[in-house]
Protein chains: 2
Amino acid sequence: MTTKTRASSKRATARKPRRGRPPKGASTLSREAITRAALEAIDGGGLEAVSLRVVARRLGVDPSSLYNHVASKDDLLDAVAEHILATFEVPAPTGALEDDLRAIGRAFRRHALEHANATVLVLTRPTISAASLGPLEAILAVLVGAGCTYDKAVHLLRVFMATMLGSVLRDASLSAAFDGEVFASLVRRGAALEASGLEHIVAAAPHLASFDGDAEFDFAVRLATAAIAAELGDADPRKGDRP
Amino acid sequence: MTTKTRASSKRATARKPRRGRPPKGASTLSREAITRAALEAIDGGGLEAVSLRVVARRLGVDPSSLYNHVASKDDLLDAVAEHILATFEVPAPTGALEDDLRAIGRAFRRHALEHANATVLVLTRPTISAASLGPLEAILAVLVGAGCTYDKAVHLLRVFMATMLGSVLRDASLSAAFDGEVFASLVRRGAALEASGLEHIVAAAPHLASFDGDAEFDFAVRLATAAIAAELGDADPRKGDRP
DNA sequence: ACCTGAACACCGTTCAAGT
DNA sequence: ACCTGAACACCGTTCAAGT
């Protein structure tokens, strides 16, 4: 019975929600909006902070309402992964095989890690829809443009993707936990390690402790592209090849 | 009041559990046993089928009892990943760089995919304890044995691991969902793809649709090891290098 | 067509109470 | 020292009831 006649007030937001569809056609709900809200929740609090109830709260809506636009929580997480893949912008090709692969790799890594908490979703869910095939198409274009058959291009594509995904996954996992701290702590308890017969780990510990994701990724991609270029029958692109 | 005096029966298993510690010193509970039970649950029903309550039921124990041996569910999952890594048996080295790396890679892939449902745990959790460093130590040994400095060995190790992890992750993700079906379905709706400007994907679809995990992995590892061998300053190991 | 509220069968985790 | 049972604050999902 409180303040029923104040509906004409400018701030009408305090209206008590009744049953059924909301009277106004505000309709903030859609698959898109839900996906975005879920991604925001993940960005804010990590993967395990996202729940349908949290997403619903964020949208000011009842949890069960989400099921009108999303089949399940799994479906929602797929949508998040797809959303990230679909918004990847492929860098413009220059025509030089190695440069182009490197550029795509770098751009993909940067894009994937932009939502670091969601990266593992992207790498882990086999979300192969048309919207998320941009990166694959771009890499195929570069390989075929370099005179590669489609058969061979697919294999090389897979090698390149594996290298990229493995690197990005490591970065995502590490940044999710404890950056360089992982191996730094190993160095500290070096004595315990020495006893376990891991002599090379102990000897390499200082190098293991320092980790520069960007540089490491570039190195991996450079090696992969060089191997791909060599496999394509070109001369080995490193210097000193024709004496 | 029912059958209280039948305690002397041979089948004493029907004893109603009372409060407190169980009278006998059966003590089936330990971090090891809990980890194994969790892995069995994962093997049987996938990652999302494992819960502390399910693990407890499997051990015939109250869920809260697990907290005497495990700090949290996260801790338990870490223990599972570590268990798998720790039981990896490194193949004996032969002294030939490329052969040895390939052997390690193959063995690791096979071992990781032996518990396919848990593989993503192994790849995703940064579980760097002494017990789980076997693979790293083995790879380092091979690289250093080939005359590599520790500095360079660490970088090459990371490249090799990225290639391996990326490949294994893809296999685990694919096998978790729908094997070759992923791209096979793409082929079917080729028309829809054509409209979205993914010409190379469409052209390569037949090759994308067929996927042999073992062969693909071998190819990736071969390329990676060749690149590593070349980077180490050896002559390019492919034929026809010195005319 | 789409949203609500209540309900169901689960969760992870804590803690006093037991032995 | 270690296990139990109950409790707490959450889950994902379903479904009749509303508009």
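**View 1. The interface between chain B and chain A in the predicted model**. In this predicted model, chain B and chain A together bury about 5000 Å², and carbon and sulfur atoms account for 69% of that area. The contact involves 58 residues of chain B and 58 residues of chain A. On the side of chain B, the residues that lose the most area to chain A are E137(B), R158(B) and H200(B), which together make up 14% of what that side buries.

**View 2. Polar and charged pairs between chain B and chain A**. Between chain B and chain A the count is 4 salt bridges, and 18 residue pairs are in polar contact, both residues of each pair having pLDDT 80 or more. A salt bridge between the two chains joins the side chains of R222(A) and E231(B), with a distance of 3.8 Å from N to O.

**View 3. The helices of chain B that touch chain A**. Sorted by class, the side of chain B that touches chain A holds 36 nonpolar, 11 polar and 11 charged residues.

**View 4. The symmetry that relates chain B to chain A**. Chain B is superposed on chain A by a rotation of 180° with 0.0 Å of shift along its axis, and the RMSD is 0.0 Å. That is the relation of a two-fold axis. The same surface serves both copies, since 100% of the contact residues of chain B recur in chain A.

View 5. To their contact, domain 1 of chain A gives 13 residues and domain 2 of chain A gives 13 residues. The area buried between these two domains of chain A is about 1400 Å², and carbon and sulfur atoms give 66% of it. Of the area that domain 1 of chain A buries against domain 2 of chain A, 46% is supplied by E82(A), I84(A) and L85(A), more than by any other three residues.

**View 6. Pairs and helices at the domain contact of chain A**. Between domain 1 and domain 2 of chain A the count is 2 salt bridges, and 6 residue pairs are in polar contact, both residues of each pair having pLDDT 80 or more. The side chains of D78(A) and R125(A) meet in a salt bridge with a distance of 2.9 Å from N to O. On the side of domain 1 of chain A that touches domain 2 of chain A, the elements that give two or more residues are α1 (31-45) and α3 (73-86) of chain A, and α3(A) gives the most, with 8 residues. The residues of this side of domain 1 of chain A divide into 8 nonpolar, 1 polar and 4 charged.

**View 7. The salt bridge between R109(A) and D214(A)**. Over all chains the count comes to 24 salt bridges, and in the pair shown here the closest N and O atoms of R109(A) and D214(A) are 2.6 Å apart. R109(A) lies in helix α4 (residues 97-114) of chain A and D214(A) lies in helix α11 (residues 213-231) of chain A, so this pair ties together parts that are 105 residues apart in sequence.

Notes: Residues are numbered from 1 along each chain as its sequence is written. Chains are lettered from A and ligands numbered from 1 in the order in which they are written. This is a predicted model: local features need pLDDT of at least 70, side-chain atom pairs count only at pLDDT 80 or more; totals for chains, interfaces and linings use all residues. Side-chain values use heavy atoms; hydrogens and water are left out. Contact means heavy atoms within 4.5 Å. Buried area is the accessible area (1.4 Å probe) that two parts lose on being put together, summed over both. A polar contact is a pair of N or O atoms within 3.5 Å; within protein, one must be able to donate a hydrogen and the other to accept it, and residues adjacent in sequence count only if both atoms are side-chain atoms. Helices (H or I, at least four residues) and strands (E, at least two) are DSSP runs, numbered from the N terminus. Ala, Val, Leu, Ile, Met, Phe, Trp, Tyr, Cys and Pro count as nonpolar, Asp, Glu, Lys and Arg as charged, and the others, Gly among them, as polar. Copies are superposed by least squares on the C-alpha atoms of residues with pLDDT of at least 70 in both.
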